[in-house]
Amino acid sequence: MSEAIAYERVGDIAVLKAQNPPVNALGVDVRKGLLAGIERAEQDGAKAVLIYGEGKTYFAGADIREFGKPPQEPWLPGLCSRIEATPLIVVSAMHGTALGGGLEVALASHYRIAVPSAKMGLPEVNLGILPGAGGTQRLPRVAGTEAALEMITTGRHISAAEALEKGIIDRIEEGEPREIGLAYAQELLEQGAPRRAVGEMPAPEAVDFDAVYDATLKKGRGQLSPAVAVRAVQAAAEAESFEAGLKRERELFMELMDSDQRQGLIHAFFSERAVSKLPELDGVAPRDVASMGVIGGGTMGAGIATAALLAGLPVVLIEMTDEAVAAARGRIEGNLKGALKRGKISQAQYDQLTGEALTVATDYAALSEVDLVVEAVFEDMGVKREVFGKLDAHCKPGAVLATNTSYLDVDEIAAATSRPQDVIGLHFFSPAHVMKLLEVVVAEKTAPEVLATGFALGKRLKKVAVRSGICDGFIGNRIMNAYRRAAEYVVLDGASPYQVDKVVTGFGFPMGPFAMGDLAGLDINWAARKRRAPTRDPRERVPRFYEMLCEGGDFGQKTGKGFYVYEEGKRGGVPNPHVAELIAKDQEQQGVTPREFSDAEVLRRYMCAMVNEAAKVVGEGIARRPLDVDMVMLFGYGFPRFWGGPLKWADLQGLDGILADIRSYAAEDDFFWQPAPLLEQLVAESKSFDSLNKGG
């Protein structure tokens, strides 16, 4: 017997115990052990088989170490069919999580029992594939077509109670999985219960699968795996036999396995886990953070305070006036009411978080005992330096002093203190209690344990923390400025903002750059443009229609008008007719003869600008690895996860083609379209960005 599966006989019941810590993943040894266990039980004269997991969980899914490698026998689909086909009664007792292949093994069993805290689901679509071991064929037979479609296309985890209600499991019992499983199997034997194979149940009902497919593709913004999974469920309802349905599931599974989107999603999966593992922090202990200060109670400051409170950190928030203090408290309470309404916190927790856990004051002396403070005031160097001077005077020795600046030089901010080693950039994204990205910006004198503290805080706040060096805009905003400029150039040259937004959302972004500007507030970018103007290179093309819009007082959603016009109570906006006049005026003043752009060219220029600037960011060491860029763009800027990030997308498209296009664009604007040296180097050496993630 395999060590991954222990075999035991209890009366007429053969007990197969998974012991493959930490999550009993369905690796090759587990699969071999299950197959051997079923065969031995049949030879031993057992009448039933119990399958359960030792430790924290039942089978939590596939073994991620096998991803991308040739599969080894026995394959999971064949194993599930073999479990289902045994003449013995097979019972699965579930606790912890039964996800993906784990739930498919349970569905191949004849009866299922779970503890109340168990969770289950088929999340394969999040990896760019679909359940490939009978999940799309068996789940609809027990839960019904609509419930199965919802679970499979969203990848959502469900509770044991919901699984019981849907017919996915047969019983919920308190207790240890082995004990409740044995009792249930014994009861079934005593009752003479029939062997009940899901694959022998009637086919599920048909629905309008074409409509579901179209709706799923639209909802996923072009992600293929959920929509293709609809076709697999369709086979369960319409194929001539269960075996024919399994065959169709396997064909669709292999189509997705060969897709670029699957590669992108796998890259995102592993990169999300790798991004916070920094060699420079090996053996470096973070400072203890038991309380936190926040300077500024606007949208950003209130969001940071909310995130800290929800993570169990008491917060001291400083504002300038009593009126501002009241407004800040109101914003935080509003954020926490949202968490209360969604069931994230209880009324008692809400009362505690808005009561004793939150202090709002006007005097910096209130910060004397906090372990870490984040400044979130107006984006102006003079204002920031003044704040840090006060923090230096009032915060205790060893307190971490963090700035939430989006663009400004953290070294210059740190120089306003007598302890630059304690200063770091913690760039949150708004709304800070919702957005998962945290750029951890390392200044020249930042102490290693302060960097470690930034990453530890990110983990506590459930953020994806990414290390960044110092430049204007750090990783994300610097790259965003480049692709936003590319978008403005195609508009100046003849495309419309609305064509650009439509093309970008068609690629998979939730919003285009002009709609996004309206949402963030056009005045914010306008201020950054004015700040950069004195040092701007004279060779740079400067579209003026953006400034013209702001000069007229149109800042986007906050003023009801920007590139779009917004009506109270209506979602989204309609194109602002005045924008076309401003663009025409700009074209006339700059001597531009507008031309038409195809959607494909708009997208290619937008993406090439993104990739080229990202390559410069990596080449300059602002980001240490391409995956750092990819995670920033995924979690902070809405880049479609199924492409893995801009540099993974570039690898999939082919770097030689991207470089050739950038060089062709440089013929018309050799300042903006200057190829990144790193991109040229990779093409010359026939390497990928991904090779740099692996140390190549």
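Reply: In helix α19, Q499, V500, K502, V503, V504 and F507 meet D599, V602, L603, Y606 and M607 of helix α24. Contact here means heavy atoms within 4.5 Å. The residues of this contact divide into 8 nonpolar, 1 polar and 2 charged. Ala, Val, Leu, Ile, Met, Phe, Trp, Tyr, Cys and Pro count as nonpolar, Asp, Glu, Lys and Arg as charged, and the others, Gly among them, as polar.

This is a predicted model: local features need pLDDT of at least 70, side-chain atom pairs count only at pLDDT 80 or more, and totals for chains, interfaces and linings use all residues. Residues are numbered from 1 along each chain as its sequence is written, and side-chain values use heavy atoms, with hydrogens and water left out.

Now the geometry. Helix α19 spans residues 497-507 and helix α24 spans residues 599-619. Their axes come within 9 Å and cross at roughly 75°. That makes α19 roughly perpendicular to α24 (angles under 35 degrees count as roughly parallel, over 145 as roughly antiparallel, 65 to 115 as roughly perpendicular and the rest as oblique). Axes are lines fitted to C-alpha atoms, for helices over the stretch in contact, and angles run from 0 to 180 degrees between N-to-C directions. Helices (H or I, at least four residues) and strands (E, at least two) are DSSP runs, numbered from the N terminus.

A second pair follows. Helix α3 (residues 101-108) and helix α4 (residues 135-143) pack at about 55°, with axes 10 Å apart. That makes α3 oblique to α4. From α3, the contact takes E104, L107 and A108; from α4, G135, R138, L139 and V142. These divide into 4 nonpolar, 1 polar and 2 charged.

Next, the loops. A cis peptide bond joins E73 and P74, with omega about -5°. P74 sits in the loop between β3 (48-53) and α2 (76-85). S430 and P431 are also joined by a cis peptide bond, with omega about -5°. P431 lies in the loop between β15 (423-428) and β16 (437-441).

Two loop residues have positive phi. K462 is not a glycine, yet its phi is about 60°. It lies between α17 (448-460) and β17 (464-468). K462 is exposed, at 69% relative accessible area (buried means under 20%, exposed over 50%, partly exposed in between, with a 1.4 Å probe and protein chains only). S686, also not a glycine, has phi near 55°. The loop holding S686 runs between α28 (677-684) and α29 (689-693). S686 counts as exposed, at 68% relative accessibility.
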